[in-house]
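Have a look at the fold, then read on.

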Amino acid sequence: MAEARERWGSRSSFVFAAVGAAIGLGNVWRFPYITYQNGGGAFLIPYLIALITAGIPLMILEYAIGQKMQSSPPTALRKIWSKAEWIGWFAVVLVFVLSTYYATIMAWCVNYLYYSFTQAWGTTGTEISNFFNQTLLDKSGSPGILGGIQLPVLIGLAITWLLIYLCLFKGVKTLGKIVYFTVGIPWLILIVMVIRGLTLPGAINGLNFYLTPDFSVLLSPKVWLAAYGQIFFTLSLAMGTLIVYASYLPKNSDIAANAFMTSLANCGTAFFAGFAVFSTLGYLAQSMGVGVPEVATSGLGLAFVTYPAAINLLPVAGVLFGALFFLLLLTLGIDSAFSQVEPVVGSIVDKWGFNKKWVLPAVVGFGFLMGIPYTTRAGFYWVDIMDHFVCTYGLTLVGLLECIVIGYVFGAPKVRKYINSVSDVRIGPWWDVFIKIVTPIVLGVSFIFELITLIRKGYGNYPIWTAFTGIGLIVILLILSFILSKRKGGNP
Ligand code: PHE
């Protein structure tokens with residue numbers, strides 16, 4: 001081992017980086033909508049329970065793995081158990097695939113930011129929907145028809161990867177300073193958007209829609225699965241990100257408090273973002289003379305169609321708020337995006353001892369190339385399909401395997417002892433119970449549940465072969481992880 005491990009400049013740099021990784025595009029479009037869909041205010045109950053029973057325990061676990069082993073996921077897991085290196089690689093290849101389509105969504109945001117200055121997307125709801133589906137993406141109608149590359153999206157993608165490179169190339173110390181901006185700026189914008197939203201006519205209807213509790217949903221397993229799924233995605237768990245970030249901390253850093261801070265900051269932001277989104281939707285509904293449910297769309301449509309429509313209606317400063325919203329998405333997304341690249345780079349560097357100076361541009365270049373299929377006219381469908389398979393099956397599998405390796409092979413009490421030796425807040429035996437029993441059961445059940453749904457119904461409205469492609473992808477990534485783990489490393 002020649003060089004010493006890279007280090008964060010301070011503890012708060014690490015916390016900001018982890019918060020930045022957590023708070024991403026998922027907080028703005030995913031959380032508010034999932035909340036509404038699953039019982040409004042009542043959803044906060046399963047959400048908080050998921051946070052406490054799975055989110056925080058697993059986050060503590062990943063911080064402990066990275067920090068104790070001082071390595072990226074594959075090497076760290078190998079040090080825990082010689083047969084577990086592939087699990088680390090599995091997380092890394094999954095997060096790489098995630099980064100390729102996440103960057104594509106960022107590329108759409110780059111385009112929208114550009115068009116926001118002229119409001120080129122039009123003024124009516126139909127015009128905006130046409131702008132997104134036809135002008136920008138020119139959707140081909142089926143994932144099987146790729147069509148040509150959409151040049152503006154490709155340019156946006158190149159800009160996104162360039163930004164990722166610029167944030168990472170100076171190393172972890174500089175990254176630790178950049179994250180103050182990538183976390184701070186979106187927060188400022190969010191405050192402005194919440195104030196603006198709440199002062200619009202009709203805002204209150206939107207908030208009622210968002211928060212009115214429907215407690216009957218608590219009996220439905222679907223709601224609980226949604227809560228756990230959202231917690232995993234939003235905290236960036238089981239993707240290698242937190243392990244690699246924690247590995248740049250000194251071995252004696254506090255773990256428990258860091259985990260509480262990151263998860264609460266993230267979930268608080270998501271909740272707050274809901275006020276910006278739903279107050280504005282309330283306004284949109286009132287202006288159009290319809291009910292809020294009619295305008296509340298899920299997922300990508302919310303950010304790229306519904307929200308711009310609402311912004312266009314603003315009596316003053318529509319251009320400003322349009323630009324602000326997409327700047328918000330870009331600054332929210334960029335620290336999540338580079339937190340998906342760092343585990344890939346760190347893992348290669350840790351295993352083979354290559355120079356990061358060359359590994360980073362290679363990974364960035366490869367990531368860009370692998371993203372090109374998403375810039376075709378079928379790109380939108382593939383973003384959606386990949387997201388489903390990577391997050392639903394990949395993420396659950398990694399989380400499950402981590403719990404088994406730590407809980408049963410290595411021993412949860414041993415890890416807890418280490419955590420308590422460095423943390424101010426003491427973790428009790430409850431943690432062992434969550435890691436060994438509760439979290440694996442939840443993950444196992446949701447995996448099986450999703451698989452049954454897939455077999456019965458396929459995914460979305462896509463042709464059935466896309467489901468085979470998705471499952472095939474997961475299998476290929478698993479095989480690839482085994483192969484990578486068998487390669488000889490350059491580092492001890
Ligand atoms: N948590 C991020 C979001 O909510 C997504 C993400 C997943 C980031 C995995 C890093 C790793 O958008």
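What follows covers the overall fold, the surface and the salt bridges.

## Ground rules

This is a predicted model, so to speak of local features takes a pLDDT of at least 70 and side-chain atom pairs count only at pLDDT 80 or more, while totals for chains, interfaces and linings use all residues. Residues are numbered from 1 along each chain as its sequence is written, and side-chain values use heavy atoms, with hydrogens and water left out.

## Overall fold

The protein chain has 19 helices and 0 strands. Both are DSSP runs numbered from the N terminus: H or I over at least four residues for helices, E over at least two for strands.

Take the C-alpha atoms along the principal axes and they fill a box of roughly 65 × 50 × 50 Å.

How many of the 492 residues count as buried? The share is 61%, where buried means under 20% relative accessible area, exposed over 50%, and partly exposed in between (1.4 Å probe, protein chains only).

The accessible surface comes to about 18900 Å², and 70% of that belongs to carbon and sulfur atoms. Areas come from the Shrake-Rupley method with a 1.4 Å probe; for residues, only the protein chains shown count as cover.

## Salt bridges

The structure holds 7 salt bridges, each a side-chain nitrogen of Lys or Arg within 4 Å of a carboxyl oxygen of Asp or Glu. One of them pairs Glu-85 with Arg-78 at 3.0 Å, N to O. Glu-85 is buried, at 4% relative accessible area, whereas Arg-78 is partly exposed at 28%.

Another joins Glu-342 and Lys-356 at 2.9 Å, N to O.

Arg-416 sits in helix α17 (residues 379-422) and Asp-432 in helix α18 (residues 430-457), so the pair ties together parts 16 residues apart in sequence. Arg-416 and Asp-432 are both buried.
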